[in-house]
Amino acid sequence: MIDETENNSDLRQTMQMIIFSGDARKFIMQALDLVGEAKYDESEQLLKQAHEKLLTAHALQTDKIQKEAEGEQLEYSVLFTHAQDTMMSVNTEYNLVKHLIEVFKKRG
């Protein structure tokens with residue numbers, strides 16, 4: 001059985017995933033706005049910040065998955081599923097904007 005302290009820790013970890021993913025999304029959208037202004041260097045700097053946030057969110061996810069892989073009993077969480085979905089969606093946005101920067105830079 002999962003105790004309340006463990007459940008609160010899991011909830012905090014899940015919320016941190018959502019927050020870091022949301023922060024990454026904010027940087028990505030700002031970077032995309034700068035692509036429209038042909039400010040590619042500034043856009044790439046924002047993407048670096050977004051990438052750091054995504055790495056942190058991913059590390060939180062990996063930690064939780066690793067616990068289950070090691071045999072720890074974890075309860076299903078709709079919130080954790082939402083956190084994973086958000087993180088993966090933001091990761092896709094990151095990859096698309098990164099690619100768009102390269103395309104626009106080549107077109108000069």
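Buried, in this talk, means under 20% relative accessible area, exposed means over 50%, and partly exposed is in between, with a 1.4 Å probe and protein chains only. This is a predicted model: local features need pLDDT of at least 70, side-chain atom pairs count only at pLDDT 80 or more, and totals for chains, interfaces and linings use all residues. Residues are numbered from 1 along each chain as its sequence is written, and side-chain values use heavy atoms, without hydrogens or water.

Start with helix α2, residues 40-69. Helices here are DSSP runs of H or I, at least four residues, numbered from the N terminus. Which residues of α2 are buried? They are Y40, S43, L46, L47, A50, L54, A57, L60, Q61 and K64. An α-helix has 3.6 residues a turn, so residues three or four places apart point the same way. Just after α2, G71 takes a positive phi of about 100°.

Next, H82. This residue lies in helix α3, residues 78-107. An unreviewed UniProt entry annotates H82 as "modified residue: Phosphohistidine". Such annotations may be inferred rather than shown by experiment. Buried or exposed, or in between? H82 counts as partly exposed, because its relative accessibility is 40%.

Last, the largest pocket. A pocket is an open set of points on a 1 Å grid where a 1.4 Å probe fits, with protein on both sides within 12 Å along at least five of seven lines; lining residues have an atom within 4 Å of a point. The lining has 10 residues, and N7, D10, L11, K64 and S77 lie nearest the centre. Helix α1, residues 4-36, gives the largest share, 4 residues.

Methods
Helix = DSSP H or I, 4+ residues; strand = E, 2+ residues; numbered from the N terminus. Expected span 1.5 Å × (residues − 1).
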